[in-house]
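Let's take a walk through this protein together. Have a look at the sequence and the fold below, then read on.

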Amino acid sequence: MLDEQAKKTLLRKIPHGLYICGVKDGEEVNGFTASWVMQASFAPPLVVNCVNTKSQSHAMIQSSGVFALSILEAGQKDLAQQFFKPQRRVGNKFESVDFYLGETGCPIITDTLGYVECQVVGAVEKGDHTVFVGEVIAAGIHREGEPLLLESTGWNYGG
């Protein structure tokens, strides 16, 4: 029998970085704070990005087949918080953030450690998130620094 409290406690101990996932569909762009992200392969370079199926960004990734991950630096909790909010309620989350469009057309935040851009090469649709597998097709470093980790924010996303 599954011990719900043990499950919740232990799943929350899996370390997660925080990223802003930039997406696009046609001329429309959006972004959200992602934490269920990891490298999945060296050759080809693959990244796994788990996205809530109910989000507008999920539909945009399905439609366009691309996404970009801007890697947040330790201390950028406020920026991560800004992108937790659904676009439908707050409008354009990028209006107060310096960004540019990458090779995929996805928004990349300038004031971050850097980015990877991915072409979706696979997806597993189970539960309330889709596991998108993206092949890294572009990358760039903006500056050196330590990444922002979920555990350092005091937030919980998981369990």
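## Getting our bearings

Helices (H or I, at least four residues) and strands (E, at least two) are DSSP runs, numbered from the N terminus. Tyr 157 and Glu 28 are 129 residues apart in sequence, and their C-alpha atoms are 27 Å apart in space.

Some ground rules: this is a predicted model, where local features need pLDDT of at least 70 and side-chain atom pairs count only at pLDDT 80 or more, while totals for chains, interfaces and linings use all residues. Residues are numbered from 1 along each chain as its sequence is written, and side-chain values use heavy atoms, with hydrogens and water left out.

## A hairpin

Now find β1 (residues 19-25) and β2 (residues 28-34). They run antiparallel and are joined by 7 bridges (strands pair if DSSP finds at least two bridges between them). Gly 22 stands opposite Gly 31 in β2. The hairpin has 2 residues between its strands, and Gly 26 takes a positive phi near 65 degrees. As for cover, 6 of the 7 residues in β2 are buried.

## The core

In soluble globular proteins, nonpolar side chains tend to be buried together. A nonpolar core here is a set of buried Ala, Val, Leu, Ile, Met, Phe, Trp, Tyr and Cys residues joined through side-chain atoms within 4.5 Å. The largest one has 15 residues, and among those touching the most other members are Cys 21, Val 23 and Phe 32. Which strand gives this core its largest share? That's β1, with 3 residues.

## Cysteines on their own

How many disulfides does the structure hold? The count is 0, where a disulfide is a pair of cysteine sulfur atoms within 2.5 Å. For Cys 50, the nearest cysteine sulfur is that of Cys 21, 11 Å away. For Cys 118, the nearest is also that of Cys 21, at 8.5 Å. Cys 118 has 0% relative accessibility, so it counts as buried.

Definitions and conventions:
Buried means under 20% relative accessible area, exposed over 50%, partly exposed in between (1.4 Å probe, protein chains only).
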